[in-house]
Amino acid sequence: MLQINKLSSILLIVIAILIAVLITTLNNSNEIDKYAKQKIKIDSLSKIINVLEQDQLKYDRSIAVYRDSLSLMDSQIDSTKNKIKKIQNDYGKKIKVISSANHDELSDFFTNRYK
């Protein structure tokens, strides 16, 4: 009987050790699985970030092109404003001359103007 008790005690210890090893192995594999899942998520997010960075670069280039176009348009507007002011000044001087002109001078003015 003593041998049976000894044998069953040894068997119980071996089973307990096997259960402990099995639990430890399962916990380690779960940790490995968690790490692998996290790595997959990180890789996926890295790819998304790279795509977003490329999109941002495209938008930055577009903004630069639009900024250059606006700058060119601003200079064209300023040039047109200057031309308008010059024309207004020129015609303003002519109007002063016309207001003191006689009939023949007015006739010559409009004839020359619409040639």
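## Aspartate 55 and lysine 58

Aspartate 55 and lysine 58 join their side chains in a salt bridge, 3.6 Å from N to O; the term covers a side-chain nitrogen of Lys or Arg within 4 Å of a carboxyl oxygen of Asp or Glu. Both residues sit in helix 1, 3 residues apart, about one turn of the helix. Helices here are DSSP runs (H or I, at least four residues), as are strands (E, at least two), numbered from the N terminus.

How accessible are the two partners? Aspartate 55 counts as partly exposed at 25% relative accessibility, and lysine 58 counts as partly exposed at 46%. The cut-offs: buried is under 20% relative accessible area, exposed is over 50%, and partly exposed is in between (1.4 Å probe, protein chains only).

## What kind of model this is

This is a predicted model, where local features need pLDDT of at least 70 and side-chain atom pairs count only at pLDDT 80 or more, while totals for chains, interfaces and linings use all residues. Residues are numbered from 1 along each chain as its sequence is written, and side-chain values use heavy atoms, with hydrogens and water left out.

## The other salt bridges

Searching the whole structure turns up 3 salt bridges. One of them links aspartate 43 to lysine 39, with the closest N and O atoms 3.4 Å apart. These two also lie in helix 1, 4 residues apart, about one turn of the helix. Aspartate 43 is partly exposed at 36% relative accessibility, and so is lysine 39, at 41%.

About one helical turn separates lysine 86 and aspartate 90, because they are 4 residues apart in helix 1. Here lysine 86 counts as exposed, at 53% relative accessibility, whereas aspartate 90 is partly exposed at 32%.

## A nonpolar patch

Leu11, Ile15, Ile19 and Ile23 make a nonpolar surface patch of about 360 Å². Patches take residues with over 30% relative accessible area and no salt bridge, joining like charges within 9 Å and nonpolar side chains (Val, Leu, Ile, Met, Phe, Trp, Tyr) within 5 Å. Leucine 11 belongs to helix 1, which runs over residues 2-99.

## The chain overall

The protein chain has 2 helices and 0 strands. Of its 115 residues, 1% count as buried. The chain exposes about 10900 Å², with 64% of that supplied by carbon and sulfur atoms; accessible areas come from the Shrake-Rupley method with a 1.4 Å probe, and for residues only the protein chains shown count as cover.
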